[in-house]
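Me: Could you take a close look at one helix in this model for me, and then at the aromatic pairs? I'd like one connected walk-through.

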Amino acid sequence: MDRRTIDLKKARILVTNDDGIHAPGLRILERIARSLSPDVWVVAPETEQSATSHSLTLRRPLRSRRLGPRRFSVDGTPTDCVLVARHDLVTGRPPDIVLSGINHGGNLGEDVTYSGTVAAAMEAALLGIRAVAFSQTRDGDKPISWATAQKFAPGILRRLAAIRWSRDMLVNVNFPALPPAKVRGVRSCRQGRRDLGTSVSRGVDPGGRPYIWVGNFRSDASSGRNTDLSVVADGGISVTPLHLDLTHKSTLRDLNEVFA
Ligand code: MN
């Protein structure tokens, strides 16, 4: 258990994402980070890495590119970025906190298991660094408005900086697709689960060959209560602590008897 509270004004903040170094959401998160501390570093993937989850690039070398003071791209995954930042690019002392996002689209329920945005925060947690993943849910194909994230993210981070932080824990934050005045509070909640999971779409390509496309052709319908899905569906901002220990504790108790 990390009982320290972080003074964000003196914190070294590392910003990363999975939408790539040129993504507007990264610029917004960078701006939010700079409003909190002068010591902000950005290390983000060169190209979009959405849904790459917690993958590592093991079979080729990685290259980083310096784009400005304390600002780099890496030709790898979000996890690669956090590792390269920690062990190579961020010099002097390690980051005190890693911020990932702001993802273009929500990371709710089972999205968490596919998300590169959340995985970057997972990698930070494995390195013993506090980490928060931010995602902005979308309203269909409408352009994303970042006003809600800009208004609420600094206060959420100040509150998270003041809590005890458990080992291997990270925090997943999702903003509803609503203007700031319509947001119905910031609420802590558990990870949810959609009633229907990820599916596929079938079609025929211009050459006449059938294809299958995997993707998010599903509704956010969820019967769980007080979950990230229900909070965001109700117009709130969800704040969910996640833990990297995936052990299913009640089954472990059963197994301890079976294998005694
Ligand atoms: Mn993404």
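Reply: Let's start with the kink: H4 bends by about 35° at Ala-153, and a proline, Pro-154, follows within four residues. Keep in mind that this is a predicted model. What about the length of H4? The helix covers residues 147–161, and at 1.5 Å a residue its 15 residues should span 21 Å. Its end C-alpha atoms are 22 Å apart, which agrees.

Now for the buried side of things. Both Ala-153 and Pro-154 are among the buried residues of H4. What covers them includes helix H1 (24–36) along with strands S5 (97–104), S6, S7, S8 (186–188) and S11 (237–243).

Phe-134 lies in S6 (residues 130–136) and Phe-175 in S7 (residues 169–175), so the pair ties together parts that are 41 residues apart in sequence. Phe-134 counts as buried, at 0% relative accessibility, and Phe-175 is buried at 0% too.

Tyr-211 and Trp-213 also form an aromatic pair, and this one is edge-to-face, with 6.0 Å centre to centre and 75° between the planes. As for accessibility, Tyr-211 is partly exposed, with a relative accessible area of 32%, while Trp-213 is exposed at 56%.

Conventions: Residues are numbered from 1 along each chain as its sequence is written. This is a predicted model: local features need pLDDT of at least 70, side-chain atom pairs count only at pLDDT 80 or more; totals for chains, interfaces and linings use all residues. Side-chain values use heavy atoms; hydrogens and water are left out. Helices (H or I, at least four residues) and strands (E, at least two) are DSSP runs, numbered from the N terminus. Buried means under 20% relative accessible area, exposed over 50%, partly exposed in between (1.4 Å probe, protein chains only). Rings of Phe, Tyr and Trp (its six-membered ring) pair if their centres lie within 6.5 Å; planes under 30 degrees apart count as stacked, over 60 as edge-to-face and the rest as tilted. The expected span of a helix is 1.5 Å times one less than its number of residues. The bend at a residue is the angle between axes fitted to the seven residues ending there and the seven starting there. Contact means heavy atoms within 4.5 Å.
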